[in-house]
Amino acid sequence: MHHPIQLKLIRLYFAIVSRLFPSLAVVSAHRLFHYPVNTTRKNRNELSLPKAEKFTIPLYKNVTLQGYKWGNEADPSVLLVHGWSTTSRSMSHFIHALLEANYQVITYDALRHGETKAELSDLANWADSVRAALKQTGQVECIIAHSFGSAAVTVASKLGLNTKKLVLIAPIHNVITVSSSFAKRLGIPPAIVEKMRDYTWEQNRQRFELYGKDWNDLFNSSFHVPTLIFHDKGDREIGIEHSHALCQKWPWAVLRETTGLGHRKILDDEEIIEKTLDFIRGKAV
């Protein structure tokens, strides 16, 4: 999230530049949307974890993801995918609980997040990253993903995922509405946002078109495994309507709505974590 003073300056910038130099405003909006904000910040409720085994995940030529492993390789594994402007540390409660339940936990820093360096970080790259991680690790019992990470998993699923189950927490299911909402908060005119989306697609057309013909088509996946979704009714960052839309496309998915957890506290909730473990184990939730 941006500091109030930053917000004022951003709004002033786009109020001026959008009128005088619209092409510059489009590029500026693209940069603003695709550069994470303070990925080193610490979750106040973060748990201390054992030291992870670091490893690298090849993605593209000269681009690798920084990966992390905990637990015994002989144990069933679970892949975690964090959200935008965070790292896997935001999911420390899940990591702790999974290790206690004798699962191997695997995760990675997304592009431009944590220790992973890259020039570009967009939804197509994130989907590629999910597939690259699974190629490295082999089949997992479950993928647990949050927010933008859930969007990446959904898009990547169009080409198949080597997992038995999915758990999606506060998933994004419509990039157009998310970008428009975020832009409104930053004072970016709708016309600039629309051109920014076109610009983003053109910047990485080859990778995007691997998954779909346009922004909406990216999410039209027929991938079918048991899926559990958690979403808070009062989530002010990613509204619960995203999960409702996903459940319409995936009628086999089970949605569990929460109250009072918002977009980030939901990752620390003991009941959510226990239900996730039950789901992975095959118990009713």
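Predicted model: local features only at pLDDT ≥ 70, side-chain atom pairs only at ≥ 80, totals over all residues.
The protein chain contains 10 helices and 8 strands. Its radius of gyration is 18 Å, close to the 19 Å that the globule rule gives for 285 residues, so the chain is as compact as a globular protein of that length. The C-alpha trace spans about 60 × 45 × 35 Å along its principal axes.

Of the 285 residues, 54% count as buried. The chain carries 35 positive and 28 negative charges.

The largest nonpolar core holds 49 residues. Within this core, the residues with the most contacts are Leu 79, Leu 123, Val 130, Ile 143, Val 153, Leu 161 and Leu 218. Helix α4, residues 123-137, contributes the largest share of the core, with 8 residues. A second core is separate and comprises 27 residues. Val 78, Val 167, Ile 273 and Ile 280 are included in this second core.

Neighbours within four places in sequence were left aside. Leu 218 is then in contact with Leu 123, Val 155, Trp 201, Phe 208 and Tyr 211, and also with Lys 158 and Gly 212. Of these partners, Leu 123 is also listed with Leu 218 among the residues with the most contacts inside the largest core.

Key:
Residues numbered from 1 in each chain as written. Heavy atoms only, no water. Helix = DSSP H or I, 4+ residues; strand = E, 2+ residues; numbered from the N terminus. Rg over C-alpha atoms; globule rule 2.2 N^0.38 Å. Buried < 20%, exposed > 50% of the residue type's maximum accessible area, 1.4 Å probe, protein only. Lys, Arg positive; Asp, Glu negative; His and termini not counted. Charge placed at Lys NZ, Arg CZ, Asp CG, Glu CD. Core = buried A, V, L, I, M, F, W, Y, C linked by side-chain atoms within 4.5 Å. Contact = heavy atoms within 4.5 Å.
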